[in-house]
Amino acid sequence: MLLRVRVTLPDRPGALGQVARTLGVTGADIVQVVVLERHAGRAVDDFTVVWPGAARVERLLAGLAAIPGVRVDGVWRAIGTPTTTGQDAELLAQLAANPVDGVAILVDAAPGLLAADWAMAVVVPLGWASHGGAGAATVGHASWRAPVPPRLPEVTPLRARAVTGPDGHHYAVVPFGRAGLVLVVARDHSEPLTAAAFHASEVERLGQLVRASAVILGDRLDLVGAPPVSTVT
């Protein structure tokens, strides 16, 4: 199976090599490494690895825990092959070529871009907080594996940010900036694997995609979640 492994490690020569060697010894085949952050002598890296299905993930965790200064922030299943920022441009090109289905295209692609489980575009009405959250939101489009009924975090105030619910589920919440439309991307909490929260760089990447999508789709965003207009013949 394909796993995403997030590790915080010392930002010094040889530290990344130690982690990579340990992953290899425990049975993981590294297919991608992404540096999310480097600050104050520490680095946060995401490793996408192919992990043998019959092996226990505890073996991987124990190996990484034995490296001085290394902390495992999360291990979770990744959906599909790793993606790069070059695919963000391809996604925006798809939106421009098919704006009628633009929101659906973005929502369906978001989980794969961020190693998440599902995504939803929801319309948040005025008075969201006073209406008890999810019940007051209209789902414009939901990706595969999205829960029914929708399980949504508190999204107000409408600004891009990462949210972790009391049940351990992680969310990235990004508003489109019009019509109360918000993109919600989620990583579900499940044992024995524990997903990492969305990193600030992931939220920023999603925010850039949403802002660019809003420019491309324009007034079509106002139609998301609206009831269909019937015609009389």
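**Reading sheets and helices in a predicted model**

Biologist: Which residue in E9 stands opposite Pro175?

Modeller: Val182 in E9 stands opposite Pro175. The coordinates belong to a predicted model.

Biologist: What is the order of the strands in the open sheet of five strands?

Modeller: The order here is E6-E5-E9-E8-E7, and the pairing is antiparallel. Because E6 (138-142) and E7 (161-164) have a single partner strand each, one side of each of these edge strands is left without a neighbour in the sheet. From one strand to the next, the twist averages 25 degrees.

Biologist: What is the order of the open sheet of four strands, and which are its edge strands?

Modeller: The order is E2-E3-E1-E4, with antiparallel pairing. E2 and E4 (71-77) are the edge strands, each pairing on one side only. The average twist from one strand to the next is 15 degrees. Within this sheet, nine bridges link E1 and E3 in the antiparallel sense, and Val5 stands opposite Phe47 in E3. H2 lies across E1 and E4, running at about 160 degrees to E4.

Biologist: Which residues of H1 are buried, and which are exposed?

Modeller: A helix can be read by asking where its buried residues point. In H1, Ala15, Val19, Thr22, Leu23 and Thr26 are buried. They lie on the same side of H1, because they cover an arc of only 100 degrees around the axis. Arg21 and Val25, on the other side of H1, are exposed. Among the elements covering the buried residues are strands E1 (2-10), E2 (29-39) and E3 (42-50), together with helix H2 (57-65).

Biologist: How far does H1 reach from its first C-alpha to its last, and what follows just after the helix?

Modeller: The reach of a helix is compared with the expected value. H1 (residues 15-26) has 12 residues and reaches 17 Å, close to the 16 Å expected at 1.5 Å a residue. Just after H1, Gly27 adopts a positive phi of about 115 degrees.

Technical notes. Residues are numbered from 1 along each chain as its sequence is written. This is a predicted model: local features need pLDDT of at least 70, side-chain atom pairs count only at pLDDT 80 or more; totals for chains, interfaces and linings use all residues. Side-chain values use heavy atoms; hydrogens and water are left out. Helices (H or I, at least four residues) and strands (E, at least two) are DSSP runs, numbered from the N terminus. The expected span of a helix is 1.5 Å times one less than its number of residues. Buried means under 20% relative accessible area, exposed over 50%, partly exposed in between (1.4 Å probe, protein chains only). The arc is that of the directions from the helix axis to the C-beta atoms. Contact means heavy atoms within 4.5 Å. Two strands pair if DSSP finds at least two bridges between them. Axes are lines fitted to C-alpha atoms, for helices over the stretch in contact, and angles run from 0 to 180 degrees between N-to-C directions.
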